[in-house]
Amino acid sequence: KQWYQRRVRDFELFVDASNFRGLKVLRMARVVRVLKLIKKNKRLLLIAQVLSHSLGELSMLVIVWGMAIIVTGSTFYYCEIDRNENVKNGFDALWWAVVTMSTVGYGEIVPVTTEGKCFATVFFYISMVFLALPLTIIVGAFSKQYENRKTLSVDNGDQDGCKQQKREWARKMTQHGR
C-alpha cells in the first residue's frame, strides 16, 4: 500500500495537470458522452423532439418578452426619474424590468413613488403569466407528441397499444351497459 501511494505521489509530481491547459478541453468529452445518451434513450429523445417542435412558439415568446422589458423599463424610468436615486439612467430601469419579470427581485432598485409602486405591482403579476406561458407551450407539444406515439403503437400492435385497445373496449362496454 505504501509503495502504491509513493508511486502515485511521484507520478503527480512528474505530471502536473495544471500546466497542461489542453487537457482541460478533454474534460468536455464527458459532457459530449452525456449528450450521446439522448440518441439512445427514447424518453430523452421525445423531450428533444418536443423542444425542437415548439421552438417557433418559444422564440416568439422571447421576442414578446424583450419588447415587454423595453416598454416596462421605459415606463418605470419615467415614473421614477429625478425621484429615485437608484435609477440613474434607462439601463437601470431596464435592469429593474428584467429582474422583476424573471421574479428574481434582487432589491437593489425598488420603486419609491406611488406611480412606480402601482406600476411595479401590476407588472409583477403580468410577468407571472410570461413565466407560465413556456410551460403551457411545452406541455401542449409534449401531449401532442405523446398521443402521436401512442397512436403509432396502437397501429403497430405493441403491448402498450394492446393495453390501450383493451381500455377503449372496456370503456365502450360500460357505456353500452348504461
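Biologist: What should I know about the numbering and the model before I start?

Modeller: Residues are numbered from 1 along each chain as its sequence is written, and side-chain values use heavy atoms, with hydrogens and water left out. The model is predicted: local features need pLDDT of at least 70, side-chain atom pairs count only at pLDDT 80 or more, and totals for chains, interfaces and linings use all residues.

Biologist: How many helices and strands does the protein have?

Modeller: Helices (H or I, at least four residues) and strands (E, at least two) are DSSP runs, numbered from the N terminus. Here there are 8 helices and 0 strands, and the pattern along the sequence is α-α-α-α-α-α-α-α.

Biologist: What span does H5 reach from its first C-alpha to its last?

Modeller: The expected span of a helix is 1.5 Å times one less than its number of residues. H5 has 26 residues and reaches 37 Å, close to the expected 38 Å. Just after H5, Asp82 takes a positive phi of about 65°.

Biologist: Which residues of H5 are buried?

Modeller: Buried means under 20% relative accessible area, exposed over 50%, and partly exposed in between (1.4 Å probe, protein chains only). An α-helix has 3.6 residues a turn, so residues three or four places apart point the same way. The buried residues of H5 include Leu58, Leu61, Ala68, Ile69, Thr72, Gly73 and Phe76. Across the protein, 19% of the 178 residues count as buried.

Biologist: Which residues form a salt bridge?

Modeller: A salt bridge is a side-chain nitrogen of Lys or Arg within 4 Å of a carboxyl oxygen of Asp or Glu. The structure holds 1: Arg83 pairs with Glu115, with the closest N and O atoms 3.2 Å apart. The pair links distant parts of the chain, 32 residues apart, with Arg83 in the loop between H5 (55-80) and H6 (90-101) and Glu115 in H7. Glu115 counts as partly exposed because its relative accessibility is 43%.

Biologist: Which residues make the nonpolar surface patch?

Modeller: Patches are made of residues with over 30% relative accessible area and no salt bridge; like charges are joined within 9 Å, and nonpolar side chains (Val, Leu, Ile, Met, Phe, Trp, Tyr) within 5 Å. Areas come from the Shrake-Rupley method with a 1.4 Å probe; for residues, only the protein chains shown count as cover. Val34, Leu37, Leu44, Ile47, Leu51, Phe142 and Tyr146 make a patch of about 620 Å². H3 (28-40), H4 (42-53) and H7 (114-156) each supply at least two of its residues, and the largest share, 3 residues, comes from H4. Val34 lies in H3 and counts as exposed because its relative accessibility is 53%.
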